[in-house]
Amino acid sequence: MDEIVLRSIAKWPGVPAVYGWLALDRRGGWRIKSAAGGFERIANVAMGEFIGRNYAADDAGRWYFQNGPQRVYISLDYTPWIYRLEGTGDDLVAHTGAVPCKVDAAFLDDAGALLLHTELGVGALLDRDLPAFVERLGDFAAIVERVSRGAVVQLMLQGNSVPLAAIRAGDVPARFGFDPRPRPRPGDPDC
């Protein structure tokens, strides 16, 4: 986290958290609640980078942005991380700019999204990178067929053999221990 954020937490402890004002979409974009009640994309690059540098999860798997002394809990459209391919297509970068070192496992969900589990956590591969990713795997239709029947297929990712298995999209939060729609705990204020 940014030093200025850490200092503000120490200076003003106990600032109530806010819920329902910030969201992460499936393309790794930050969205903020608008005056009309919907959400609009945060287009300011510096603001997006600030959010990304101060993005973390609490012990209950609720992801948040530490905005100075105030914790802003984030609604997740799907996973807490969105990965994209970089360079030659072997490198991954998260929506925050973090670079995972290793993919431990991959999952194909029932909606056709590819999930990657790294040391950062589970994240969906950016949809526009999926065709390039699939092209490198060879006969992807055969892979999908085997995985959909319950087989675990080994893929070569970043020079490592990585298991690819099926997963239901609805099971992802519980399986990976995160809360996609954080709410205040009983007794906490709802700002």
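What radius of gyration would a compact globule of 191 residues have, and what does this chain have? A compact globule of that length would come out near 16 Å, and the chain has 18 Å, which agrees. Hello everyone, and please keep in mind that what we are looking at is a predicted model.

Let me start with the overall picture. Taken along the principal axes, the C-alpha atoms fill a box of roughly 55 × 35 × 30 Å. In secondary structure, the chain comes to 5 helices and 13 strands. Buried residues account for 45% of the 191. The chain exposes about 9900 Å², and 54% of that is supplied by carbon and sulfur atoms. If you take the contacts between residues at least 6 apart in sequence, 55% of them join residues at least 24 apart.

Now, on to a sheet. Here 6 strands make an open sheet with mixed pairing, in the order E3-E2-E1-E6-E5-E4. Strand E3, residues 39-41, and strand E4, residues 55-57, stand at the edges with a single partner strand each, so one side of each has no neighbour in the sheet. On average, neighbouring strands here are turned by 40° against each other, ignoring direction.

With strand E2, residues 30-33, E1 runs antiparallel, joined by 3 bridges. Leu24 stands opposite Trp30 in E2. The two strands form a hairpin with 5 residues between them, and Gly28 in the turn has a positive phi of about 85°.

E1 also pairs with E6, this time in the parallel sense, over 4 bridges. There you can find Ala23 opposite Ser75 in E6. E6, residues 70-76, pairs in turn with E5, residues 63-67, in the antiparallel sense over 4 bridges. Phe65 faces Val72 of E6 across that pairing.

Finally, the interior. In soluble globular proteins, nonpolar side chains tend to be buried together. Here, the largest nonpolar core has 50 residues, and those touching the most other members are Tyr55, Ile74, Leu115, Leu116, Ile143, Leu155 and Leu164. Strand E9, residues 103-109, gives the most to this core, with 5 residues. Apart from this core lies another, of 5 residues, including Ala17, Ala56, Tyr64 and Tyr73.

And what does Leu115 touch, leaving aside residues up to four places away in sequence? Its contacts include Tyr78, Thr79, Ala105, Phe107, Val122, Ile167 and Val172.

How values were computed
Residues numbered from 1 in each chain as written. Predicted model: local features only at pLDDT ≥ 70, side-chain atom pairs only at ≥ 80, totals over all residues. Heavy atoms only, no water. Pairing = 2+ DSSP bridges. Axes fitted to C-alpha atoms, helices over the stretch in contact; angles between N-to-C directions. Core = buried A, V, L, I, M, F, W, Y, C linked by side-chain atoms within 4.5 Å. Buried < 20%, exposed > 50% of the residue type's maximum accessible area, 1.4 Å probe, protein only. Contact = heavy atoms within 4.5 Å. Rg over C-alpha atoms; globule rule 2.2 N^0.38 Å. Areas by Shrake-Rupley, 256 points an atom, 1.4 Å probe, with all protein chains shown as cover.
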